Amino acid sequence: MTELRRVAIIGSQRIPFCRSYTGYADETNLSMLGTTIGGLADKYNLKGEAIGEVMAGAVIGHSRDFNLAREASLDAGLSARTPGTNVQIACGTSLQAALILGAKIATGEIDSGIAAGSDTVSDAPIVVGDKFQHRLSRLNRARSVGEKFKALKGFSFGELAPVAPSTQEPRTGLSMGQHCELMARQWGITREDQDRLALKSHQNAARAYDEGFHDDLLVSCAGIWRDNNIRADTSLEKMATMRPAFDKTSGHGTLTAANSTPLTDGAASVLLASEDWAKAHGLPVLAYLSMGKVSANNFAAGEGLLMAPTIAVSEMLARSNLTFADIDLFELHEAFAAQVLCTLKAWRDPKYNREVLERETPMGEIDPERINVKGSSLAYGHPFAATGARILGMATKMLETEDKQRALISVCTAGGMGVAALVERVG
């Protein structure tokens with residue numbers, strides 16, 4: 001059997017994230033993804049280079065983007081011999097892409113790979129209802145004037161009403177925010193605690209910019225050089241004025257626009273490779289992608305739509321014989337402040353650990369000062385497919401700049417799934 005190789009993380013590049021309908025109103029998934037991979041190619045001198053595989057995706061995509069990863073790699077200036085593969089697992093898309101590419105590198109199938117993701121709500125596809133779609137299909141197949149008139153018979157202008165993209169879960173009819181409200185209620189998460197976590201995320205992100213942490217992680221797109229969602233001047237008092245965003249009628253809603261991620265446009269990418277490939281290209285290895293896990297739960301039966309990362313992290317750490325005490329940095333995707341707080345509380349809860357995680361003792365407490373130390377999605381925004389690559393790139397750099405050994409990444413996704421990964425420092 002071939003010995004598994006270590007998966008080196010060379011570095012990352014992303015475009016600044018923008019609130020939807022602002023800076024990237026005229027951009028597409030392809031243009032943003034091509035820009036971020038192009039920035040990666042410039043940063044690591046990969047123009048014209050054949051990469052083992054580019055794996056990328058978008059959650060909100062047009063039919064024209066059926067070959068998104070391939071077209072973006074060509075637009076970025078990579079060799080035409082670089083294959084591109086689309087992948088999609090909601091908010092975990094680009095982290096899942098990194099895990100898949102990592103497995104290919106480890107087994108020797110490829111020597112290098114780029115994991116990436118892009119999403120734009122500003123350029124969401126406009127879809128009409130099923131009735132008009134079927135009518136157009138019949139009209140397209142019509143061969144005579146009579147058949148065309150027959151296809152148009154009974155038409156009403158109401159059929160032209162567009163169907164907006166929906167975040168509702170097909171099995172429950174509830175949005176992600178509504179599901180998270182149920183989780184917050186189940187776990188007793190207060191509005192005040194959510195606002196405090198959100199404020200800390202903005203403060204940490206603003207501090208990271210002031211320290212120059214992002215200077216070499218960003219490539220400009222559409223003339224934009226900085227994430228535009230970070231609110232360095234926000235306060236708990238300002239947050240307290242926000243009305244509930246998802247539960248507007250019961251009087252008990254706790255999730256607001258201040259403690260939930262906004263609709264966001266953006267793209268991010270990470271370069272992975274074998275150690276030999278990195279050495280041959282004169283590129284330093286920053287860290288290693290050493291392990292990952294994807295899990296799911298029965299959210300439709302009440303297990304919590306965004307609680308699957310608790311399972312993924314538990315199983316990954318059990319496999320590696322590690323505990324929270326062995327982890328220096330925790331990068332927990334902040335889809336909602338409540339989601340992070342529910343996750344942390346579940347890991348401490350004896351009953352949850354016993355019945356769901358199948359552990360005899362709780363996983364335990366995590367020092368808050370080790371969680372999202374440079375801010376996370378509440379501050380930077382959350383372009384669904386791009387978030388995993390953003391977090392992986394930031395975690396890798398943090399291990400170096402903070403002189404730490406291990407970082408744990410956890411991303412919740414739609415459909416009751418979670419993606420986790422372990423990043424370890426060189427040496």
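Asp403 is exposed, with a relative accessible area of 59%, where exposed means over 50%, buried under 20% and partly exposed in between, computed with a 1.4 Å probe on protein chains only. The place of this Asp403 is the loop between α14 (387-401) and β11 (406-413), and its phi is near 55°, a positive value in a residue other than glycine. Helices (H or I, at least four residues) and strands (E, at least two) are DSSP runs, numbered from the N terminus. The model is predicted, so that local features need pLDDT of at least 70 and side-chain atom pairs count only at pLDDT 80 or more, while totals for chains, interfaces and linings use all residues. Residues are numbered from 1 along each chain as its sequence is written, and side-chain values use heavy atoms, with hydrogens and water left out.

Tyr21 also has a positive phi, of about 70°, although it is not a glycine. Tyr21 lies in the loop between β2 (18-19) and α1 (29-43), and it is exposed, with a relative accessible area of 57%.

Strand β11 runs parallel to β10, and four bridges join them; two strands pair if DSSP finds at least two bridges between them. Within this pair, Phe330 stands opposite Leu408 in β11. From β10 (residues 329-332), Leu329 and Glu331 point one way and Phe330 and Leu332 the other way, and all are buried.

The second largest pocket holds about 460 Å³ of space. Of the 19 residues that line this pocket, the closest to its centre are Leu197, Leu341, Leu344, Pro368 and Ile371. The elements that give two or more residues to its lining are α7 (191-210) and α11 (337-348), and α7 gives the most, with six residues. On a 1 Å grid over the protein atoms alone, a pocket is an open set of points where a 1.4 Å probe fits, with protein on both sides within 12 Å along at least five of seven lines, and lining residues have an atom within 4 Å of a point. Grid points are joined across faces, edges and corners, and a volume is the space filled by probe spheres set on the points.

Finally, the C-alpha atoms of the protein chain fill a box of roughly 75 × 60 × 45 Å, taken along the principal axes, and buried residues make up 55% of its 427 residues.
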